[in-house]
Amino acid sequence: MTAISPFDPTREMSPRTKARFTGAIYLLYIIAGVVAQGFISDRLVVMRDAATTAANIVAHQSTYRLGLTVYLIEMAGQVATVVLFYQLLKPVSRTGAMLAAAFELIGCGIKTFSRVFYFAPLFVVGSGGAYLSAFNKEQLDGMAMLLFRINDYGAGIALGFFGFSTLLQGWLIYRSGFLPRWLGVIGMIGGLGWLTFLSPSLGMKVFLYVALYALIGVLITIVWLLTVGVDEPRWRQRAAQAAASIWT
């Protein structure tokens, strides 16, 4: 008899291990987003002062470029959690889990593309190319600020899709039986908050309140996934029921 190595790459993770891995990746991308937004972007960009923003970008170009790298790490981590959450939640409802994943992946695509407009101001105020000689400094500063605002609104549009995804994930968690119902309630309320971005102007007005609630809810979910994971026997029971329903 051939022994099966515990490090066999073809072996599937147990549901509890997968939940903990999901929590770890979730934590990584949340930290990346907080660093990129709170410690890089918000410190360099002064939304009501185009001249100061341009001066900050020019003086700290390497830091500003690092911001893009961290934003992309955030997006890579979020895509990974989409796949992992789909695998965890599909025993509850394959269709519901697939819809949640689709909405979140659309949001990830929009948000990733919007980061082009985060990077674009470097070409306006930092490159010094001859093609920019047709514009004076005030015009270039204003153009850079316009690009950055497009970046912000693009990310805001993505949050609307994340609202649908979070609402669905919360509903699936609530119904799962292998995760606590109160985690699902937290998720559904957070999803409703992000849905305010279906009107970007409204979403921007309430962003701080929604983001604070969402951050607390996400951290609670991460702690649960890392420390407890899922009720594995109940997960396997739901998975077996879901598999049986396909063939009956």
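Mentor: Read along the sequence, the protein follows the pattern α-α-α-α-α-α-α-α-α. That comes to nine helices and zero strands. Both terms are DSSP runs, numbered from the N terminus: a helix is H or I with at least four residues, a strand is E with at least two.

A word on the source. This is a predicted model, where local features need pLDDT of at least 70 and side-chain atom pairs count only at pLDDT 80 or more, while totals for chains, interfaces and linings use all residues. Residues are numbered from 1 along each chain as its sequence is written, and side-chain values use heavy atoms, with hydrogens and water left out.

The C-alpha atoms fill a box of roughly 75 × 45 × 30 Å along the principal axes. Of the 248 residues, 42% are buried. Buried means under 20% relative accessible area, exposed means over 50%, and partly exposed lies in between, with a 1.4 Å probe and protein chains only. Among contacts between residues at least 6 apart in sequence, 77% join residues at least 24 apart. A contact means heavy atoms within 4.5 Å.

Our part is the cavity. Rolling a probe the size of a water molecule over the atoms shows where empty space is left. The work is done on a 1 Å grid over the protein atoms alone: a cavity is a set of points where a 1.4 Å probe fits but cannot get out, a pocket is an open set with protein on both sides within 12 Å along at least five of seven lines, and lining residues have an atom within 4 Å of a point. Points are joined across faces, edges and corners, and a volume is the space filled by probe spheres set on them.

How many cavities of 30 Å³ or more does the structure hold? It holds one. The largest cavity has a volume of about 40 Å³. Its lining is Val82, Phe85, Tyr86, Leu89, Ala97, Ala100, Ala101 and Gln169. Helix 3 gives the largest share of that lining, with four residues. Helix 3 and helix 4 each supply at least two.

Look next at what else lies on these two helices. Val83 sits in helix 3. Val83 is partly exposed, because its relative accessible area is 44%. Its C-alpha lies 17 Å from that of Val218, 135 residues away in sequence.

Cys108 belongs to helix 4. Cys108 has a relative accessible area of 3%, so this residue is buried. Leave aside neighbours within four places in sequence, and Cys108 is in contact with Met75, Gln78, Val79 and Phe162. Cys108 and Tyr26 are 82 residues apart in sequence, and their C-alpha atoms are 14 Å apart.

What joins the two helices? Find Ser93 in the loop between helix 3 (61–89) and helix 4 (94–119). Ser93 is buried too, because its relative accessible area is 17%. Beyond four places in sequence, Ser93 is in contact with Leu172 and Arg175.

Turn to helix 6. Gly170 lies in this helix, which spans residues 137–176. Its relative accessible area is 1%, so Gly170 is buried. Not counting residues up to four places away, Gly170 touches Gly184, Gly187 and Met188. From Gly156 to Phe207 is 51 residues in sequence and 9.2 Å in space, C-alpha to C-alpha.

The accessible surface comes to about 13,200 Å², of which 70% belongs to carbon and sulfur atoms. The areas come from the Shrake-Rupley method with a 1.4 Å probe, and for residues only the protein chains shown count as cover.
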